[in-house]
Amino acid sequence: MRWQVYEWNFRLKSPLHIGFHKIMHFFKTRPYVPGKILWAALTAKLTPMLGINDYKKVGEFLKKIIRFGYLYPYVEEKLYLLKYTEEGLKFGSLNQNEFEKRFITSMASAAIEHESLTAEEGMLHEVEFISPYTIDDGKPVYLKGLFWLREFSEDGFAISKKNNGITIAHNIEVDFKSQLANRFQIGGERKYGFGLVELKELNEISTNEFNGWSGKWREENEEVCISINSDNFIWSHVLHSNNLNIKGHIEPLVGREWEATKGAGRKLTSHGLFWSPGSILCEDRTLKITKLGFWETLD
């Protein structure tokens, strides 16, 4: 039942759009992949692999066995984590303008009326995305992150470690590394081929510290907790709390959830106000990772 931390590294195989906000007809992307996006993508892939037709049930099981960290761009041993500084927002060693010039571009498109072969009124839009190759020098772009996993069984579902591998079973066995996590799509515009990632590395971490990520982790009351010292940055969204001393950017998070009568993504749900990744703690704090990858205070 104990949690174990892993680091995984994906090769970005196609443009990646992670919905942020819209400016007129322009759809901006986030420069990272939130944990909830990973949960949704693995739920969508695992459900048919197990031979059942209950996405909600599979998703609830994944919430009990995995705690997701966020994925960040990773190129030539450099991890581009966000951090607010006196010079503004930094992505690793790059400022925001330098980062966007290297990683972010966009594509415009429009829906066409079949009869007139002209653009439908109001359907012109431009989508921003993380490029699968760096724009300045054509280097392959990877995405790197952490996740926590534990052995668990319930209602016919089970996850276990076998022969140095991880297996998820519900009548059918699925290998976590070679089958489930190996190749899947994340983010928006997937019907156009966006968001394809391919697993390159998955390694178990034997210590409670991370290479390149701030903080240490521990298990407390069967929860995954991250302890971060003052003046260090957070690398997930942290739920707003009046007793949390932190500085940075705050934003509301709204997500699409399962709706019983309409299906997946049909129900808009507000998760609340959150401090954005890169915000700086002004005190030592221990934060708990929630089932959807957000962080929140223990008290």
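How many helices and strands does the chain have? There are four helices and 27 strands, where helices (H or I, at least four residues) and strands (E, at least two) are DSSP runs numbered from the N terminus. Keep in mind that this is a predicted model, in which local features need pLDDT of at least 70 and side-chain atom pairs count only at pLDDT 80 or more, while totals for chains, interfaces and linings use all residues. Residues are numbered from 1 along each chain as its sequence is written, and side-chain values use heavy atoms, with hydrogens and water left out.

Let's start with the chain as a whole. Of its 299 residues, 47% are buried; buried means under 20% relative accessible area, exposed means over 50%, and partly exposed is in between (1.4 Å probe, protein chains only). Now take the contacts, meaning heavy atoms within 4.5 Å. Among those between residues at least 6 apart in sequence, 67% join residues at least 24 apart.

Gly 193 and Ser 14 are 179 residues apart in sequence, yet their C-alpha atoms are 6.9 Å apart in space. Setting aside neighbours within four places in sequence, Gly 193 is in contact with Ser 14 and Gln 185.

Next, the inside. A nonpolar core here is a set of buried Ala, Val, Leu, Ile, Met, Phe, Trp, Tyr and Cys residues joined through side-chain atoms within 4.5 Å. The largest one has 81 residues, and the members that touch the most others are Trp 8, Trp 148, Phe 176 and Trp 235. Click on Phe 176 and, beyond its neighbours within four places in sequence, you'll find contacts with Trp 8, Ile 66, Phe 147, Leu 149, Ile 166, Ile 168, Ala 181 and Leu 202.

Ser 236 is a polar residue worth a stop. Its place is in the loop between strand S20 (223-228) and strand S21 (238-239), and at 1% relative accessibility Ser 236 is buried. What lies 2.9 Å from a polar atom of the Ser 236 side chain? That is the backbone oxygen of Gly 293. Not counting residues up to four places away in sequence, Ser 236 also touches several others, including Tyr 70, Tyr 72, Trp 275 and Trp 295.

Over to helix H3, residues 96-103, where Phe 99, Arg 102 and Phe 103 are buried. They cover an arc of only 80° around the axis, so they sit on the same side of H3; the arc is taken from the directions from the helix axis to the C-beta atoms. As background, an α-helix has 3.6 residues a turn, so residues three or four places apart point the same way. The N-terminal end of H3 is capped by Asn 95, which has a side-chain oxygen 3.1 Å from the backbone nitrogen of Asn 97. Polar contacts such as this are pairs of N or O atoms within 3.5 Å; within protein, one must be able to donate a hydrogen and the other to accept it, and residues adjacent in sequence count only if both atoms are side-chain atoms.

What about charges? A salt bridge is a side-chain nitrogen of Lys or Arg within 4 Å of a carboxyl oxygen of Asp or Glu, and the count comes to 18. Lys 90 pairs with Glu 87, with the closest N and O atoms 2.9 Å apart; Lys 90 is buried at 18%, whereas Glu 87 is exposed at 64%. In the Lys 200 and Glu 198 bridge, at 2.8 Å, the lysine, Lys 200, is partly exposed at 46%, and Glu 198 is buried at 17%.

Most residues other than glycine have a negative phi. Glu 77, however, has a positive phi of about 70°; this residue is in the loop between strand S5 (72-75) and strand S6 (78-79) and is exposed at 67%. Asn 221 has a phi near 55°, lies in the loop between strand S19 (216-220) and S20, and is exposed at 70%. As for disulfides, meaning pairs of cysteine sulfur atoms within 2.5 Å, a search of the whole structure finds zero. Cys 225 is buried at 1% relative accessibility, while Cys 282 is partly exposed at 29%.
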